[in-house]
Amino acid sequence: MKKVKQIRVSKPFDLLSEELVFIILDLIPSDLKSFSLTCKWFYQLESKHRRSLKPLRSDYLPRILTRFHNTTDLDLTFCPRVTDYALSVVGCLCGPTLHSLDLSRSASFSAAGLLRLAVKCVNLVEIDLSNATEMRDADAAVVAEARSLERLKLGRCKMLTDMGIGCIAVGCKKLNMVSLKWCVGVGDLGVGLLAVKCKDIRTLDLSYLPITGKCLHDILKLQHLEELFLEGCFGVDDDSLKSLRHDCKSLKKLDASSCQNLTHKGLTSLLSGAACLQRLDLAHCSSVISLDFASSLKKVSALQSIGLDGCSVTPDGLKAICTLCNSLKEVSLSKCVSVTDEGLSSLVMKLKDLRKLDITCCRKLSGVSITQIANSCPLLVSLKMESCSLVSREAFWLIGQKCRLLEELDLTDNEIDDEGLKSISSCLSLSSLKLGICLNITDKGLSYIGMGCSNLRELDLYRSVGITDVGISTIAQGCIHLETINISYCQDITDKSLVSLSKCSLLQTFESRGCPNITSQGLAAIAVRCKRLAKVDLKKCPSINDSGLLALAHFSQNLKQINVSDTAVTEVGLLSLANIGCLQNIAVVISSGLSPSGVAAALLGCGGLRKAKLHASLRSLLPLSLIHHLEARGCAFLWKDNTLQAELDPKYWKQQLEEIVP
């Protein structure tokens, strides 16, 4: 028998084509940097493969874009200062390859830089210029040179007027998504021009614009319009909508929240032709949601989501809503203080397919409502019921027994106890659980969650003082995918909890404010093993010192936000944070170990800093030139004059709150 000749390959990776490696890289969620450092060939392949970039500083752009020459999506939100030269570099090195650019947190560029960008990047389809508060009509005219633009965000560009928007409308006729939120200089004329010239618009955000119903006549003629945002448009009232007639069957989402002058009469006109509407937000409207108001929903019987947050809702109104719109899957009644058991029970009884319900701060609701919810809504995946203080402990047992599909559950400031948590642990898909200010729960109840809810990503235990290291240990052992945890003011927590949580390698947010028994040793354990850590709150942790920050500086290179007010941190620890390139927010309001020179050096060292919260006394001690330099670099200062306050006992604190809020 003929022997098959064996081929010896000294370099196994030589058998892989570039296309095959690219497919493999598409399946790698993160840590491509480690891949590229393996060998020179991998380094070159990763340079060809990467399409999205988010550099920490604009100074790096020439070198970065030279290496990653196939970049299609460029996010500069970490770069507070982007000059015209930087935009020229982007235009020259990316050219027609660039499709998307985010400048929403950047400043220091002008019309000249935008023009070079528009001329060079002829295939640019998306640009975000939100928060460009100095942007004027001349700059908008330059943006209009980007003829291929399809998505444009101009939120908070308050200097723009109708003329600038008109230029964009004429030049960028391919636009299908436009956001003008808080562009207070733009009125009916500019919006009308946009609707007339850009026929392909699908999403339009006009929130807080001084428009009236006049421009809505043109907007609702757009044949492809799917989403319209009119939040806070006080000029949209019944009179301006009186003659409105439209047949906008493509409209699927309408946000008319905070439209204080809109009643059921105007809403009837607005919804008259929107037969296919699926999502409607009427939060914080001035009208009472009564039987008359609900009658305006007759034309939108296919509605799947409605938001009535902060509205005055009557039982008859809720009954009418569920009768007219029995396809509803999402209902939000947050802070609707007039909602009663009668009204809510009638609603959920008819909405058998309800998936999301928000009854936050509906303080008149009792266990009767929760019983009806549990019995009527087995498909519920999200339930938010913070501060429903009249609900008895027994009612929570039904939630876990009947609503097994829950993924999000907010029980903040409720009377739930360990038996309730035992029942809720049956919700195997639970990913977010908020138990802040739940004074009746202990480690025993938390252990049920740890053993049953292995998919938990977020856990809030703020001021739940019955929790100790034992409970946190069971959570860390059973919920290894945990990304966010808040143990603030759980004063019995020690370093043992932090060592346990270090096993949760996906942890991104760690809040331990007011935990006097945790030290830098425990913090170091989390820093070493939780590489994705992005937000840390250590305020009022007096045993946290420089060694803890040194550990963070060395191991937590993804850290973006940190609060070390009222800790034992000195300028040595603060200076070490300069080693974290992506650090954006820092708060040091009270700290006796810091000198003005130390704070100044630390602020200078953190090149990507966007926000610094400092004690007001430092304002006169820091050089004015330094403050101006940092502000020019994109850092905003927040000066606080807080004095150290004694911590109240949580039970007394809750009692005080209940006395203030009826």
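Reply: **A helix and its cover**

Let's start with helix H12: the elements that cover its buried residues include helix H10 (216-219), helix H11 (238-241), strand E9 (253-255), strand E10 (279-281) and helix H13 (291-294). Covering here rests on contacts, meaning heavy atoms within 4.5 Å. Helices (H or I, at least four residues) and strands (E, at least two) are DSSP runs, numbered from the N terminus. H12 itself takes in residues 264-271, and its buried members are Gly-266, Leu-267, Ser-269, Leu-270 and Leu-271. Buried means under 20% relative accessible area, exposed means over 50%, and partly exposed lies in between, using a 1.4 Å probe and protein chains only.

Two notes on reading all this. The model is predicted, with local features needing pLDDT of at least 70 and side-chain atom pairs counting only at pLDDT 80 or more, while totals for chains, interfaces and linings use all residues. Residues are numbered from 1 along each chain as its sequence is written, and side-chain values use heavy atoms, leaving out hydrogens and water.

Helix H13 holds Ala-294, which is buried at a relative accessible area of 1%. Leaving aside residues up to four places away in sequence, Ala-294 touches Gly-317, Ala-320, Ile-321 and Leu-324. Lys-319 is 25 residues from Ala-294 along the chain, and their C-alpha atoms are 8.9 Å apart. On the side of helix H10, the loop between strand E7 (203-205) and H10 contains Tyr-208. With 21% relative accessibility, Tyr-208 counts as partly exposed. Its phi is near 65°, a positive value in a residue other than glycine.

Helix H15 (residues 341-350) has 7 of its 10 residues buried, which makes it mostly covered. Those buried residues are Asp-341, Gly-343, Leu-344, Ser-345, Ser-346, Leu-347 and Val-348. They pack against helix H14 (315-324), strand E14 (330-332), strand E15 (356-358) and helix H16 (367-376).

For a contrast, look at Pro-596, which lies in helix H25 (residues 596-605). Pro-596 is partly exposed, with a relative accessible area of 29%. Not counting residues up to four places away in sequence, it touches Leu-618, Leu-621 and Leu-622. Pro-596 and Thr-412 are 184 residues apart in sequence, and their C-alpha atoms lie 40 Å apart.

Rings of Phe, Tyr and Trp (its six-membered ring) pair if their centres lie within 6.5 Å; planes under 30 degrees apart count as stacked, over 60 as edge-to-face, and the rest as tilted. By this rule there are 3 aromatic pairs. In one of them, the ring centres of Tyr-462 and Tyr-489 are 5.8 Å apart with the planes at 90°, so this pair is edge-to-face. It links distant parts of the chain, 27 residues apart: Tyr-462 is in the loop between strand E19 (458-460) and helix H20 (469-478), and Tyr-489 in the loop between strand E20 (484-486) and helix H21 (495-501). Tyr-462 is partly exposed at 25%, whereas Tyr-489 is buried at 7%. Tyr-489 also has a positive phi of about 65°, although it is not a glycine. Another pair, Phe-637 and Trp-639, is stacked, with 5.3 Å between centres and 5° between planes; both of these residues are buried.

Finally, step back to the whole chain. It has 27 helices and 26 strands, and 52% of its 662 residues count as buried. The C-alpha trace spans about 90 × 75 × 65 Å along its principal axes. Among contacts between residues at least 6 apart in sequence, 74% join residues at least 24 apart. With the radius of gyration taken over C-alpha atoms, and the globule rule being 2.2 Å times the number of residues to the power 0.38, a compact globule of 662 residues would have a value near 26 Å; the chain has 28 Å, which agrees.
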